[in-house]
Amino acid sequence: RNCVLSNGVVVRPAHKRTGTGVSFLPSHIGDNVFIDESSLIESASIGSNVYIGKNCIISKRCIIKDCCWIKDGTVLSEDTVIPPFSLYSGCPGRFEKELPMSSMEMIKTIVESKKSAVVFR
């Protein structure tokens, strides 16, 4: 509910190679998630109240917990686990700081405002 994917976002299921081929893993995206333009998502799980900036790469099997902010251009390597209320940035993505408890409401408000601005073609 209330998930916004901007133009150019690619969401792929997480996968792993096995002896007999490729096995796709289930993916989950929570409520109030905003993914900005040209980002690539291959994560296993994205929690609720998450903001992912422009041109981000969320690699295979990443887990992003609730109330996180991923800054523009961040590249998360495979199997990264982002704890709740975290701000990540950079290439490779690194913990920048802990977000305040009020960030949950802030992210909800941003998603609501972006929802009306995104036009699907």
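**View 1. The largest nonpolar core has 16 residues.** I46, V50, I52, I58, I64, I70 and L76 touch the most other members. Strands β6 (33-35), β9 (50-52) and β12 (68-70) each supply at least two residues of this core. Another core, of eleven residues, lies apart from it, with F34, F85, I110 and V111 among its members. A nonpolar core is a set of buried Ala, Val, Leu, Ile, Met, Phe, Trp, Tyr and Cys residues joined through side-chain atoms within 4.5 Å. Buried means under 20% relative accessible area, exposed over 50%, and partly exposed in between (1.4 Å probe, protein chains only). In soluble globular proteins, nonpolar side chains tend to be buried together. The model is predicted: local features need pLDDT of at least 70, side-chain atom pairs count only at pLDDT 80 or more, and totals for chains, interfaces and linings use all residues. Residues are numbered from 1 along each chain as its sequence is written, and side-chain values use heavy atoms, leaving out hydrogens and water.

**View 2. Surroundings of I58.** Leaving aside neighbours within four places in sequence, I58 is in contact (heavy atoms within 4.5 Å) with L40, I41, E42, S43, I52, I64, I70 and L76.

**View 3. An open parallel sheet runs in the order β2-β7-β10-β13.** Its edge strands, β2 (10-11) and β13 (75-76), each pair on one side only. Strand β10 (residues 57-58) runs parallel to β13, and two bridges join them. I57 has V75 of β13 as its bridge partner. Strands are DSSP E runs of at least two residues, numbered from the N terminus. Two strands pair if DSSP finds at least two bridges between them.

**View 4. Four strands make an open parallel sheet in the order β5-β8-β11-β14.** Here β5 and β14 (81-82) are the edge strands, each pairing on one side only. Strand β11 (residues 63-64) pairs with β14 in the parallel sense over two bridges. I63 stands opposite V81 in β14.

**View 5. β3 and β4 form a hairpin.** Two residues separate the strands. Strand β3 (residues 15-18) and strand β4 (residues 21-24) pair in the antiparallel sense over four bridges. The bridge partner of K16 is S23 in β4.

**View 6. N32 sits in the loop between β5 (28-29) and β6.** N32 counts as buried, at 9% relative accessibility. Its side chain makes a polar contact of 3.3 Å with that of N49. A polar contact is a pair of N or O atoms within 3.5 Å; within protein, one must be able to donate a hydrogen and the other to accept it, and residues adjacent in sequence count only if both atoms are side-chain atoms. Not counting residues up to four places away in sequence, N32 touches R1, N2, N49, V50, I107, K108 and V111.

**View 7. A salt bridge joins R12 and E42.** Their closest N and O atoms are 3.7 Å apart. R12 lies in the loop between β2 and β3 and E42 in the loop between β7 (40-41) and β8 (45-46), so the pair ties together parts that are 30 residues apart in sequence. R12 is partly exposed at 41%, whereas E42 is buried at 8%. A salt bridge is a side-chain nitrogen of Lys or Arg within 4 Å of a carboxyl oxygen of Asp or Glu. By this rule the count is five.

**View 8. D79 and R61 meet in a salt bridge of 2.8 Å, N to O.** D79 is partly exposed at 44% relative accessibility. R61 is partly exposed at 23%. Shared partners join R61, E78 and D79 into one salt-bridge network.
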